[in-house]
Each structure stands twice: as structure tokens, then as C-alpha cells.
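Dear colleague,

Please find below the structure that I am handing over to you. My notes on it follow directly after.

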Amino acid sequence: MLVQFLNLLSRMEKIDHLERLLAENNEIISNIRDSVINLSESVKDGQKNPEAINFSQESLSELFPSASVPLAIDSEDCLFASKSGSRGSDVQMLDVYDILPFDNPDGGVWKQGFDITYNENEWDSEPLQVFVVPHSHNDPGWLKTFDDYFRDQTQHILNNMVIKLQEDNRRKFIWSEISYFSKWWDGIDSQKKDAVKRLIKDGQFEIVTGGWVMPDEASAHYFAVVDQLIEGHQWLERNLGVKPKSGWAVDPFGHSPTMAYLLKRTGFSNMLIQRVHYSVKKHFATQKTLEFFWRQNWDLGSSTDILCHMMPFYSYDVPHTCGPDPKICCQFDFKRLPGGRVSCPWRVPPEAIHAGNIQHRAWMILDQYRKKSKLFRTKVLLAPLGDDFRYAESSEWDQQYQNYQKLFDYMNAHPELHVKAQFGTLSDYFEALRKESNMGEKSSSSFFPVLSGDFFTYADRDHHYWSGYFTSRPFYKRLDRVLESYLRTAEILYYLALVQSSKSEKMSVFPSVDNYKLLTEARRNLGLFQHHDAITGTAKDWVVVDYGTRYLLIYNPTEQERFSVVSVNVNSPRVKLLSPFGKPVTVQISAVWDGATTVSHEAYQISFLAHLPPLGLGVYQLLEVPSSETTLADYDIYMSGRNSVQEKPDRIFKIKEMPNSVDNIILENSYMKLWFSGMSGLLEKINTKEDGKNHQMKVEFAWYGTTSNRDKSGAYLFLPDGDAKPYIFTDPPTVRVAHGKIFSEVVCFFHHVMHTMRLYNVQGLEGQSVEVSNVVDIRGEYNRELAMRISSDINSQNRFYTDLNGYQIQPRLTMSKLPLQANVYPMTTMAYIQDVGVRLTLHSAQSLGVASLKNGQLEVIMDRRLMQDDNRGLGQGVQDNKITANVFRLLLERRHGTDVNEEKASVSFPSLLSHMTSSFLNHPVIAMTTYADSGVPEMLNTFSPLMSSMPCDIHIVNLRTVQSKVDTEPSDEAALILHRKGFDCRFSNRDMGLLCSTTQGKVKVHKLFNKFSVESLTPASLSLMHSPPDARNISEINMSSMEINTFRVRLR
């Protein structure tokens, strides 16, 4: 099942953890597939009823579904994009970048800052309140594996926490990663568990954020971020009865407003961030804007505001958290007392606190506290106390807690110092801060500024920009996206099968509990992979479907009725395919190739246009016939060293071999015409048929090297040796051109990359953009990075747009005052450039680094191989490169009704066509095969759980079965998570082939599911932690643009 994937599996050696995950996902989907087949069986009698989904292909000419009505867009729905843009912000990050000089003068003891001075009596009327917050940052896998870290460090930290916090009720501690915490919890006795609950209740121990991990914020897709938040929050509610309320993100390499939005919607009031560009930190410190309300760019009001604290200094370790001078703060990291394993690089060790030194020592640290507090607007100060994997030994708890308690006791006993110091949790700090600034939970006062924008690209010092990790280990970034789509599919089918099994005799065999365990493991493994150290880092691979098989089950994971081209490998070219309604379907047969020019006759690829219901299945029947009515693709192969055109003998396909030519190669469909170079096979221009315009569109490849300085590129940093050098080839590549009824393509065979541009000859969505794929292999290279660059005649004026986490678009400005690597930004699903007339979008099926370094250009870094560590702790370069497939779609759209001023706006939205293209790319249809004689009862032709397509702008993020309160079994309830996308209407409204409409964000609940009745549907917070006070059963869902909403649903 999931044929291509099982294969991919066998090719992956090192990632046993992901291999297990894929295998589990496959097992779940195949179990669920059988259940769905049975499910289909049990509803078959209901098939004839008139209200069954009106889904028949009869009326549609098969390759040309354009009989469908043009898109019905409610004009009200177009208003959002035109008026959106956070005009209410005091600080807009695009403006901050505009004014900052990005110079790096020596700031004295605070190298990247300035000298801080204060006046002794500033605290006379109101004392300084200091909260020292002990923490331990536990990476679930970085230098060691998750299990090794747990065994060697994490379990000891948590064991000691229970003992040491109970010794003195003034002690506090915070923890964030539930992946570790749950593993520890499962191994401790009930006495310890009770102690933990007591410590939480008494406010000594706090869970912050409470996600499965502390996710990366650049490469992670919001589906996975939300999923790991739910996994953590649900675990906490079931096992501890606790609901976190503050976010803690000290280690992700740059910060995204998507995270702020998600935390706000889970019910959080506060959050903390740390890794922000040192120039931005310094600027915020001078303006006292390190604490702000973070508001979404698109928010027309203030409903997305969340209070955010930005740590001012270089790092979250002790030397950089007590105040501006690390040489002094290090002397208050008592784990570094002489004789231990860690010492202070500034060569002045800490001293244990005793009667003889306490006066001087208390004054030293108070001086740091006071200086740090001068960067903020209130007299409440946060001083974190911790580092990676700290507090593992009992002795360290004693060293830190006893010495600090002495300092606190001394300070608090001397009123002339005007300070109240104590241990605190993160929420203790935020509560005091809100009280001090007279802010209730509800009112957001104007005391703190409102900020909009994001914090990429991060630099921690000099020109050390962390834009390398946007691309590092792209094989896993692609795999991650595939897993997300599979997990989502498994979740949705699982819940539907579960509901069906409860009402049907036949389905009582459904292994709901076993499957739920698998599903839980898959969720957790995917969650681990979102951690900020994980996601940041084609020979005979096919399995052949033989004709014992007979049935192709094709699943559509999107909530839209869809026409998609499906390709499957079979063992004979004599084939006939019947649709779910028993009608013959047009099939293109293509050759399966061994290398560039040799046809393998062991297998053939069949491609056809499948028509599928939303979230549903279509069952196609495959027959072997004596003579086939299929159409064969034919081939032109351009090769250097040939001097004439000759037919290549093949018993099935028509193949011509010819010399590389100065003439262009041309592909076209009803939407566009493409010209390729006859020498390189690379795209040169596009003609859009709607307006007859030609657009220059040159694709090329380029190499980046790394600097000759001591500091070089590594897993995190991108430190190039100047501009990229063109990818040079001595002989022209072999170029293989296929022409077929369903698709045509140009494949170029370069030494490091096999580049394919495919054009589908179908009406509707898949015919309107070009599919681009690159199979990259740089395993023999040394300190090089390979980029694909698209150069167009679009007048983009240094502006480009990248998505953040597949959730929203952030405008970017390429700045000459910044080094090249600072102008590289993360792309999760798309990037675009535009001028008043056109927009060119590069849609991506994996997260990568992207830039627009010249007018009209868009480039994406596809893989990097680096031989050295970049001194950020990893201790190795990036040398485990694999052959990696990157998949993209290139969409050219005509804009109208736009004016020049709006190009300066802080917000931008994709078109509906663009959103849908991204959705199809990230959720490809899933083809499964089942044998006719596998004992499965004769199958239904289609299975469709939805009454009709969802509105075009509403995406079903997930339908996730909730675990029962008591054990690891599923409950009868699921979380239905919906996202209403913001979109821009100002694009030509040609027939987009979208089979949906928009409805102002309204969905009638009883019209949602087909054959399932909705027993209850109630709103909840994003991760199910809270229910609104007036939560009751609703009959209509009503969503605002850009919102992600979660509902508790029960079907029957």
C-alpha cells in the first residue's frame, strides 16, 4: 500500500524513528482503508437515496471539466484583503529594518549593546521586584538521541526537581517539553506523581507552553505546530489536570508571528522569545520596546494581541540573563564554582556566598539587575537562571538554590537597597508585570507598544545569519511534509471509520484501540520532528501493480471536489481503466526509464485524470486487454555527440534521438505555451493565452561557496563567498522531451540535478501552473550549495513575499545594506514576486531558504553540503546528504485593479487559485491498490463523507479523534479544526476549475457530513484546553478570515 512510500522506506537507513513512523502511518491507513471498504459496503443500500451526494461524472467531458460553473465568489469576501493591514501597530518590523543601520559598534561589556547607567535613588518610591526563574532547556534530540538524553540527563533533572522543590517552598522551577515529561511520568510511582501535582498546585512548579516540543518557527508548517500543541495540552489535561498559560521559546532560531497567533488562540496571555537579531534587540532596548503586544499583520482590530517579552541579551544562559555584563553574571552561575566541570570563560569564577562576601556580592548582582531593568518600562524584572540540560545533579540544585536564597534574604532584609528578590515561575513574573502596569487580564492598556511583523532572519553576532538551516537536510524537510499529509489523512479516515464501526454490525471488527495507539505514536513522532533541531537539518524504486490487483482506490485528502492526474506503474501496456461509474477513462502510457535514454520494459506508467469527491475515495478498475485503446507518449531525446535525427527502435514507444539544437523546445496546453532552450532544456519564456502576453522566465542553477575566513557556513549559518556562480556544464545535458495526451514534460539530466518541467494537458487547476521537480545529488561536493534561480521581467523593486508556516504571507525587502545571507528568508509553502500587472508564485512542497536578490528574480536553495561545524554547538558539518527530490509549482497570474501604493503594505494575500494550488501540492491524492480476490466484498464505487465541497476559503486542518479521559482508548469525540484563508480577489476571474464557492465564512453544520449526523458541535480553544463560557451546541459555523478555529464534534 502507499506503494512509492514503502519503497522510499527501504532506502532510508539512518532514520529508524521516521521509518517507524512511516510504516505505522502506512499500517494505519491500510487498516483504515479496509474499514472504509467495509464501511462503503454497509452504506451501499443507502446509495440509491436521492440526498446522496450528487457526484456523477456522466455530465462532464472527461479531460475538460470546464462544464463546471465559474467560481462563485461572494463580493463581501473580497473586502478582507483590501482593507487588511495592521494600521494600529506602533512598531512595524518592516519599518524597523528600514531605519536600522545594522552597524555593529563595540558596546563595552554588553558587546552588542551600550553602557547602561542609572541613578541610585530611582527605586526609592517603588522598589525593584526581581523574579529569578530557574529553568532547564531540554532538546529532544540534538547531539544525542532523545532516549540517550533522557537516560543520561533529563530523568535525573525531573527526579531531583521533585525532591529539591519539596525541601523549601520558596523554590520554583519551570519546564516546557512534554515529550520528555510524559516519558518520565510513565516511569514514576504514584507517590511521586502526587508530589508533582502538589508542587504545581502550590505554584512551585510550572509547565510553560506545554507543547510536545519547543518547535522551530521557520520551517515548521502550522498543521504540525498545532498538532504537537494539542498532543502536549491533551496529555497535560489527562494526566495532571493543568492548563499552561504562558509561552516560553528560548531556543528557536528566529521567531514567527504565526506562533504568537497560535498561542493566543490556545488561550495564552503571555509569551517570551529570545533569539532575535542583535541589532533589533539593541534598538528595542533603547526604545524600551522589549515588552510589547504582538499583533498579527492582518488583524483589523486587536483580537490577536498577546503580551510578549523579548530577552535583551545574547543568550538564555546565566552569563547573559542577570544583566548586561557576562563576566559578572557568570560569577552567579553557581554550577561553575571552582572544582566543577564547567567554568567561566571570562576567567573569574563564582564564589560561594558566606557572611564575609555577601554584602559585596549582593551589591554586584543588584547592580546587574538594576541595569537590566533600565531597558524595560516597569520596576518588575525577569532573570532566568538556567541553560541546556541544567539541574541534573542534586549538588547543582543545592549550589544554585542555596546561594541565591542567601542573596535574596540579604537584599530583602536591607530596605535601603529598595529591592524585593525571589524565585519565581514565568507566570509569577507576568502576573506581577500586569499588576504593575495596571493591566487586567482583559484590558490591553496602551502601556506597552503594539508590534507587528516577524523576527527573521536571525543573526547572533557579526554577519552570522542563521539562514543556512532554512535548507539544511532538505530530504527530511520533504519527508516531513509527506508525513503531515499522511497523518492528516489517517486521522480523518480513522474518526469516520470509528463512528461507522459503532453503528454497524459488520464494522465491529474494526481494531479501533490498536489503530488509536498507532495514531498516537505517529502524532508524537511527527511532533518530535518539529523540534527546532530536527526539521531544521531514483534507481529502480518502483513497485509494479500487476493485474491480479484490479482495483485502484484513490483518496482525495482535500476538502474540495477535485480533478487530479494520477500516475501508477503497471506491468503491461495493454490496459483499460474504468471509472467508479464503469465508464472507460482516457489513459496515457509513458515509458519507465532506466537513466536518461534507456526504456525499461519491466514496467509502464499509466496516467489518467481522476475525479474525486472531497475527502473521499474513488474506486477505479484496472483490466488487462488484448489490444489497448490507450494513447502512448512519444519522446524526443536531445543528446550531445549526435549529428542527425534518428528513430530509436522500441517495440512500443516512438522515440527520436537528435543533437542538442539552437531551436526552442515548445510545450503548450490551453492556458499557456512554454519555450525551452534546445541546448540546456531549461525554461526561457511563458506565453499566457488568456491575454496573449509573453513573459521572460529563465530558469538556471547556481552554486554558492563558503567564505575563506575562519568562520564558514555550517548546519545553521549561511556564510557565502559572494554571489552565486552560474552552474557550468561543458557538454550540453541530455534532454528528454515527452509529448502525451495527459501531460508533456522536459527532463534535463545535469551532473548534480535531474530537472523536470511538466505541463498537464487538462482543464482546471492542475493545467494552470507548471510542475517543477529537481532530484538533487551533491554528495560528491565540497562546501557548496545548489540554488535554482528564476529570472523574469517582473518589476518587483526589491520586494518579495514569503509565507510563514503555511499560514500567512510576510512581505520582504531585499536590502543592499545587509549581507547577502541576511536577505535569505524561510519559505514553508510559497514565495512570490509581483508588479502591477502580474504575480509569479513559486509553490513549494517542502520548506527551503528563498531570496530575491535582483529585480524580477526568485531563487531557492535546494541542498547544501558543508565540511565543517559553524561553532554553534553541533560539532559537525552537513555531510549526510541524500539524493533529494524537491517539488514545486510555478504559477503566473494576471493582476488587475491594483495600485502602486499598496505594494508598500505590511500584508499581502494569495489568490484563491494560489491557495488551492498549494493545497493540491501539499496534499496530493493517495493511490492505493487492493486485490480483487482479497476477500473484500464487492466495493462501492465512491465514498464521500462530505455533502459537498467546503467553501473555497475554508480548509479542514484536521479531524482528530480525542483520547478518552481514562486510558489510551479513543473517545467518541473529535477535534474539527478549520482555517478560513484570507485571499486577494484582484486576479483575472477566468474559469479556475475550482468546484467550490465562498460563503462569508458560514457553514451550516447539518449540511456538512453525508451519511453521518452531527450529534453535537461546540466551539473550543485551539488546543481544546478551554471552552468559551457560553459554549453550546451550534448549528452554524461562522468564521472570520485568517482565523483557525477548533470545535468539539460528535458524529453518529
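Which residue takes a positive phi in the hairpin of β37 and β38? The residue is G856, with a phi near 80°, and the hairpin has 5 residues between the strands.

This is a predicted model, in which local features need pLDDT of at least 70 and side-chain atom pairs count only at pLDDT 80 or more, while totals for chains, interfaces and linings use all residues. Residues are numbered from 1 along each chain as its sequence is written, and side-chain values use heavy atoms, with hydrogens and water left out.

Overall composition

The protein chain comprises 17 helices and 47 strands (DSSP runs numbered from the N terminus: helices are H or I with at least four residues, strands are E with at least two). Of its 1052 residues, 65% count as buried (under 20% relative accessible area, with a 1.4 Å probe and protein chains only; exposed is over 50%, and partly exposed lies in between).

Strands

Strand β37 (residues 848–851) is covered on both faces: L848 and V850 are buried on one side, G849 and A851 on the other. In general, side chains in a regular strand alternate between the two faces of the sheet. β37 pairs in the antiparallel sense with β38 (residues 857–865) over 3 bridges (strands pair if DSSP finds at least two bridges between them). V850 has V860 as its bridge partner in β38. Strand β34 (residues 825–827) also pairs with β37 in the antiparallel sense, over 3 bridges, and M827 has L848 as its partner there.

Strand β9 (residues 380–388) has 8 of its 9 residues buried. It runs parallel to β2 (residues 128–137), and 9 bridges join the two; V130 is partnered by L381.

Aromatic rings

There are 57 aromatic pairs (rings of Phe, Tyr and Trp, the last by its six-membered ring, with centres within 6.5 Å; planes under 30 degrees apart are stacked, over 60 edge-to-face, the rest tilted). One of them is the edge-to-face pair of F284 and F455, with 6.3 Å centre to centre and 80° between the planes. F284 lies in helix α10 (residues 278–287) and F455 in the loop between β11 (450–452) and α15 (474–503), so the pair ties together parts that are 171 residues apart in sequence. Both F284 and F455 are buried.

Charges over rings

The charged end of R758 sits over the ring of F743, 3.7 Å from its centre (NZ of Lys or CZ of Arg within 6 Å of the ring centre and within 35 degrees of the ring normal). K183 lies over the face of F150, at 5.2 Å from the ring centre.

With kind regards
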